[in-house]
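Thanks for passing this one along for a second look. Here are my notes, in the order in which I would go through the structure with you.

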Amino acid sequence: MPVLLIAALIVFLEGMSFTVVLPVLTPLTDELGGTVTVAGLLFALSVGPRVFFAPFWGRVSDRRGRRPILVVATLGTLAASLLLALCQTLDGVVFSALIWLLLSRTLYGVFAVQSVVGSAIVSDITTPEKRAAGLGALGAAFGLAFTAGPAIGGYIASTFGPTTVGYLAAMLQLASLGLIFLALKETHPATPLAPPTSSAAKRDADEAPVDGDAFAAPKSLLHLITFPAVAWMLTICLLGTAAYSVLFPTFPALADDWYSWSVARVGAALSVFGLVGAFVQGGMIRPTIKRLGERATAQLGLAILAAGLLWIATQPGEGGFWTAAILMAIGTGFSVPAVMAMLSLAVSETDQGSVHGLTQSATAGGRAVGYLIGGTLFTAISPAFAYATAGIVAVAMVVMLLAPLAGHKHPQEKRAPETADA
């Protein structure tokens, strides 16, 4: 089985284990005596720790290899799923059921880095010109999980009880472990630790070219962050993610206020969003990258995203609203893998896990910012203002990508040009 397909399946299975829980957290919190605020905390805990732990696990995978870190990460999320399934059973055992549920989501947030390691695997096995297409395949896998997971989780919870989804998620993670052990080959062997050196020698080594050594010691996260092109594109990644994340906390309320949509119709619209994004990342991204290059594809995607956001801000009719939402999905599908590919191409081959960890940290931070600011502007001012602000941010990202800095290569990296027409 091709390594790319295995990586995509692992990301899909972990994406399913995350999304089947989404429709359950709020009613389960209520059942355990929590408030909507506590439910919001649960959502935040599921992604918030990745801001800090995604770069850590990515860097460790650069040192120790991809397979062992995937095993550790999946065992961690498996434990989190079982803790969710057993939270009511454990009620009164040291903690209340609600505290066990909070611990479950925190544990999940710490270990849910399969997409980080999966992205590093794609970077290990692809050439520069095919990298965005490979990363797009992972995005498509998660998009499919986002489409199917909430519906399946809602059905299982309504039929067998909310904590049952914990067992379902655990079964998906066991399947992922089976793939890792039985089918996945190591793509990045462990890198021996270099002997201690003086500060001056370490600085000289950091500034020296790799000279073809594919397994030179990975650079520190601080070193990568301070490289201007990486810092610039991480900023673009964070702000771009914040722009489209405005949709998720505001969409149900907006659709109800403006168009009197039912919950089922809102769910259907989100499924369409996921399907369109999966189609773009799974099929359209590769020929677009080949024709335009990574940077122009990212600009195109952000421009389309901005158009969708600004169109929604005009409070269009239902037809216009559907069109704008689809534009947002298309724009996200183009921009996310293109920016990820640019970041991957900006660093050396030994730093792929680290840079994808930093990317996931930036996207997690962007989601948190988008959720918070989108909801605040929606409530305090108006839905139109929230979407207009997000649209302006997306336009600003297009302008930021015009900077020559965004295309610079890492000083350690010696690779062939991306494409002739990039």
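1. A word on terms before the details: contact here means heavy atoms within 4.5 Å. With that in hand, Thr297 touches Ile285, Thr288, Ile289, Leu292, Phe334 and Ala338, leaving out residues up to four places away in sequence. Thr297 sits in helix α15 (residues 294-313), where helices (H or I, at least four residues) and strands (E, at least two) are DSSP runs numbered from the N terminus. Its relative accessible area is 0%, so Thr297 is buried; buried means under 20% relative accessible area, exposed over 50% and partly exposed in between, with a 1.4 Å probe and protein chains only.

2. Please keep the origin of the coordinates in mind: this is a predicted model, in which local features need pLDDT of at least 70 and side-chain atom pairs count only at pLDDT 80 or more, while totals for chains, interfaces and linings use all residues. Residues are numbered from 1 along each chain as its sequence is written, and side-chain values use heavy atoms, with hydrogens and water left out.

3. Now the overall picture. The protein chain has 18 helices and 0 strands. Of its 422 residues, 52% are buried. Among contacts between residues at least 6 apart in sequence, 85% join residues at least 24 apart. The chain exposes about 17,100 Å², of which carbon and sulfur atoms supply 71%; accessible areas come from the Shrake-Rupley method with a 1.4 Å probe, and for residues only the protein chains shown count as cover.

4. Because 11 of the 15 residues of α6 are buried, the helix is largely enclosed by the rest of the structure. Among the buried residues are Trp100, Arg105, Tyr108 and Phe111.

5. Together with Val93, Val94, Phe95 and Ile99, Leu103 forms a nonpolar patch on the surface, with about 420 Å² of accessible area together. Patches are made of residues with over 30% relative accessible area and no salt bridge; like charges are joined within 9 Å, and nonpolar side chains (Val, Leu, Ile, Met, Phe, Trp, Tyr) within 5 Å.

6. How many salt bridges does a search of the whole structure find? There are 2, a salt bridge being a side-chain nitrogen of Lys or Arg within 4 Å of a carboxyl oxygen of Asp or Glu. Arg66 meets Asp62 at 2.9 Å, N to O, and the side chains of Asp124 and Arg66 meet at 2.8 Å, N to O. The latter pair links distant parts of the chain, with Asp124 in helix α7 (residues 114-125) and Arg66 in helix α5 (residues 66-85), 58 residues apart. Arg66 is buried, with a relative accessible area of 1%, whereas Asp124 is partly exposed at 21%. Shared partners join Asp62, Arg66 and Asp124 into one network.

7. On to the aromatic rings. The whole structure holds 6 aromatic pairs; rings of Phe, Tyr and Trp (its six-membered ring) pair if their centres lie within 6.5 Å, and planes under 30 degrees apart count as stacked, over 60 as edge-to-face and the rest as tilted. The rings of Phe56 and Trp57 have centres 5.0 Å apart and planes at 65°, so this pair is edge-to-face. Trp57 also pairs with Phe111 in a tilted arrangement, 5.7 Å centre to centre and 35° between the planes. That pair links Trp57 in helix α4 (residues 50-64) with Phe111 in helix α6, 54 residues apart.

8. Lastly, a loop residue. Leu184 lies in the loop between α9 (164-182) and α10 (199-207) and is buried, with a relative accessible area of 4%. Leu184 and Ala7 are 177 residues apart in sequence and 8.0 Å apart in space, C-alpha to C-alpha. Leaving aside neighbours within four places in sequence, Leu184 has contacts including Val3, Ile6, Ile10 and Arg67.
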